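Biologist: Could you walk me through one part of this model up close, and then follow the chain outwards from there?

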Amino acid sequence: MYHELLRDASFWQFLFSIDQDLAKTAGKQTCPCGGRLHCANYPRKPRGAADLPEQYRSRFSFCCDRDGCRKRMTPPSVRFLGRKVYLGAVVILVSAMQQGPSAWRVHELSKLFDADRRTISRWQAFWRDHFPQTVFWKDALARLVPVVQIIALPLSLLEAFLRKNDENDENDDLRDGWERLLLFLSPITITGGLKIKIS
Ligand SMILES: [Zn+2]
């Protein structure tokens with residue numbers, strides 16, 4: 001099942017290495033003012049998974065080195081979904097597990113992922129009411145729909161990206177699928193990201 005991978009410490013390590021690459025690319029840019037970017041990571045205390053690697057205590061971020069500017073630049077992430085305390089994969093997965101014919105009950109999910117009922121219903125509202133209205137989604141939908149049938153969010157996304165390929169090892173497939181899904185959603189993890197268009 002989808003959730004088993006999230007109990008695997010190496011999965012979180014894997015996502016960290018993707019974030020590291022995203023940060024490396026972002027850190028090479030210059031500030032719009034011409035200044036150089038310096039590392040200025042945000043402290044984080046993510047929830048939703050046990051035994052997270054030490055590196056999860058911060059999110060990569062940069063700051064312009066010029067006095068009078070000091071503008072922030074935070075690269076997209078496959079770990080952190082904007083300012084949400086819970087890990088992005090958890091916010092997606094818990095919401096998806098409430099959908100479909102074999103939906104999990106809230107109290108089971110709440111126990112499994114250490115999230116209370118109100119938090120979980122906020123995530124549901126995010127996927128149901130907010131996310132479909134964003135420019136990001138409207139744009140992405142146009143490209144996805146011939147391939148993917150969108151019935152319920154985020155379950156339809158999870159099913160589309162985590163499709164099993166019989167030739168490969170199941171865990172490798174899941175890992176690749178999560179990588180693709182989280183990278184697909186990564187533009188919404190930065191400030192203002194829910195408004196931007198992706199190319
Ligand atoms: Zn600057």
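Biologist: In what sense do strand β4 and β5 pair, and over how many bridges?

Modeller: They pair in the antiparallel sense, over two bridges, with β4 covering residues 62–64. Before going further, keep in mind that this is a predicted model, where local features need pLDDT of at least 70 and side-chain atom pairs count only at pLDDT 80 or more, while totals for chains, interfaces and linings use all residues. Residues are numbered from 1 along each chain as its sequence is written, and side-chain values use heavy atoms, with hydrogens and water left out.

Helices (H or I, at least four residues) and strands (E, at least two) are DSSP runs, numbered from the N terminus.

Back to the pair itself. C63 has R72 in β5 as its bridge partner.

A zinc ion is coordinated by the SG atoms of C31, C33, C64 and C69, at 2.2 to 2.3 Å. Donors are N, O and S atoms within 2.8 Å of the metal (3.2 Å for Na, K and Ca), and water is not among the atoms, so sites may look incomplete. The angles subtended by the four donor atoms run from 103 to 112°, which makes the arrangement tetrahedral. For that label, four donors need all angles between 85 and 135 degrees; four count as square planar and six as octahedral if opposite donors are over 155 degrees apart and all others between 65 and 115, and anything else is irregular.

Along the sequence, the zinc donors follow the spacing C-x1-C-x30-C-x4-C. C33, in the loop between α1 and β1, and C64, in strand β4, are 31 residues apart, so this pair links distant parts of the chain. C33 is partly exposed at 33% relative accessibility, whereas C64 is buried at 0%. The cut-offs are under 20% relative accessible area for buried and over 50% for exposed, with partly exposed in between (1.4 Å probe, protein chains only).

R70 counts as partly exposed at 43% relative accessibility. Another one to look at is D51, in the loop between β2 and β3: it has a positive phi of about 55° and is not a glycine either. D51 is exposed, at 68% relative accessible area. As background, most residues other than glycine have a negative phi.

The largest nonpolar core has 57 residues, and W178, L181, F184 and L185 touch the most other members. Such a core is a set of buried Ala, Val, Leu, Ile, Met, Phe, Trp, Tyr and Cys residues joined through side-chain atoms within 4.5 Å. Among the elements that each supply at least two residues of this core are α1, β4, α2 (88–97) and α7 (170–185). L181 touches I92, L157, L158, F161 and L162, leaving out residues up to four places away in sequence.

10 of the 10 residues of α2 are buried, so the rest of the structure largely encloses it. Its cover includes α1, α3, α4, α6 and α7. V94 is in α2 and is buried, at 0% relative accessibility. Setting aside neighbours within four places in sequence, V94 is in contact with L109, F113, I120 and W123. W104, in the loop between α2 and α3, is partly exposed at 29%.

Key: Pairing = 2+ DSSP bridges. Contact = heavy atoms within 4.5 Å.
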